[in-house]
Amino acid sequence: MAGKPVLHHFNGRGRMECIRWLLAAAGVEFEEKFIECPEDLEKLRKDGKLMFEQVPMVEIDGMMLVQTRAILNYIATKYDLYGKDVKERALIDMYTEGIIDLSEMIGQLVLCPPDQKEAKISLIKDRTKNRYLHAFEKVLKGHGQDYLVGNRLTRVDIHLLELLLYVEELDSSLLAPFPQLKALKSRLSSLPNVKKFLQPGSQRKPPLDAKQIEEARKIFKF
Amino acid sequence: MEAKPKLYYFCGRGRMESVRWLLAAAGVEFEEEFLETREQYEKLQKDGRLLFDQVPLVEIDGMRLTQTRAILSYLAAKYNLYGKDLKERARIDMYTDGTLDLMIMIASVPFKPPEEKEENYALIVKRAKTRYFPVFEKILKDHGEAFLVGNQLSWADIQLLEAILMVEELSPSVLSDFPLLQAFKTRISNIPTIKKFLQPGSQRKPPPDDHYVKVVRDVLKF
């Protein structure tokens, strides 16, 4: 029997969280090895386990995969969450890239200098409402199906759910004008694997606090 | 007979250049519509052709594809440049994500404060020499094959060549410590479709100049 995937990252969301979500949604158990000090990262690098010296890194099926997208693509294909053909994949990829763009904007807020923060938040809220949520609401309304692509669960539904939760953390009123998205969120949250992941005690990570940011800064030197 | 793919972007490299490279390498003829005015951009938006109000946009096979990586993945799969199985695809994804990161860094510099230009380019050359090129040199050394993955031409090879040429524009001697990459560069450059693309008069675009930066800023209003 193949071993469980092993995720290497620091103990926080970062760029690993979307991978945790996808594995959880696929019902795949995984282990985590947390990078807790600079020496942990150095060791991974010296052992030649990080192709571009960076994490996330996931040990899976005899490979040491790096680059978030490569990891997500592999997992999605392996667990049949990537659509049924090349065209569905293209749609999934397009939607996913938009989700990644907004997630990165939100995720980088913690690093934003205090004097720029208000302007950044304002920009994020504007983009969230007028660019991204608007686009996804339109997709759902357009086909009237329960999932974004191909009338069944795919990776992009999970990525979007994750994003919607971050949007809510930022400002819960942002979702108000989007009934389709609210319904999707409810529907997805009730799926057994997702429901389990949403419960306390799962491997889902909380937002970073100031202490964790300091620790990450020391390890990753930024 | 299939219609030619149509590319919508500024008349310059930016995020569309990798798409041009891939199509050219695959021997696929394509049309281009260049964005020169704000009005053109607003028309694309109003016509609902830009999912997230962004270019690049590629119209192909009845789809309006945006998001660079979504476009590239679709083309790679369509033109058989994505490896023969899931594991080869994972490697191609890893390698291309790395080189794409590097090229996006290069494409972003003209839009940053001019006083930071030298420093930004120096960092890029350093990353290329210490993080990216050594990895690809080692991959070629370890398997001794002519191409990066699966002993046949793939998206990874085309993109690595593109990245090498872009970094060489910043630092002509950047490959001096990498003999296998030098041979790789020559070999891939001599592939007939690529050789043609490298010649004057092809749809390959020159490095960004002040005029290009101005057009982009005017059209996108930033």
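## Contacts and overall build of chain B

In chain B, 66% of the contacts with a separation of 6 or more join residues 24 or more positions apart. The model is predicted. Buried residues make up 52% of the 222 residues in this chain.

Chain B contains 9 helices and 4 strands. Read from the N terminus, its elements follow the order β-α-β-α-β-β-α-α-α-α-α-α-α. Along the principal axes, the C-alpha atoms of chain B fill a box of roughly 50 × 50 × 30 Å.

## Surface of chain B

Chain B exposes about 10200 Å². Carbon and sulfur atoms supply 51% of that area.

## Strand pairing in chain B

Strand 3 of chain B covers residues 57-60. It pairs with strand 1, residues 6-9, in the antiparallel sense over 3 bridges. Here Tyr8(B) stands opposite Leu57(B) of strand 3.

Strand 3 of chain B also pairs with strand 4, residues 63-66. This pairing is antiparallel too, over 4 bridges. Ile60(B) has Met63(B), in strand 4, as its bridge partner. Strands 3 and 4 of chain B form a hairpin with 2 residues between the strands. In that hairpin, Asp61(B) takes a positive phi near 50 degrees.

## Helix 6 of chain A

Helix 6 of chain A spans residues 155-170, which is 16 residues. From its first C-alpha to its last, the helix reaches 23 Å. That is close to the 22 Å expected at 1.5 Å a residue. Helix 6 of chain A is mostly covered, with 13 of its 16 residues buried.

## Cysteines and disulfides

A disulfide is a covalent bond between the sulfur atoms of two cysteines.

Cys37(A) is partly exposed, at a relative accessible area of 25%. Cys112(A) has a relative accessible area of 11%. That value counts as buried because the cut-off is under 20%. Cys37(A), at 25%, lies between the cut-offs of 20% and 50%, so it counts as partly exposed.

Notes:
Residues numbered from 1 in each chain as written. Chains lettered and ligands numbered in written order. Predicted model: local features only at pLDDT ≥ 70, side-chain atom pairs only at ≥ 80, totals over all residues. Heavy atoms only, no water. Buried < 20%, exposed > 50% of the residue type's maximum accessible area, 1.4 Å probe, protein only. Expected span 1.5 Å × (residues − 1). Pairing = 2+ DSSP bridges. Contact = heavy atoms within 4.5 Å. Areas by Shrake-Rupley, 256 points an atom, 1.4 Å probe, with all protein chains shown as cover.
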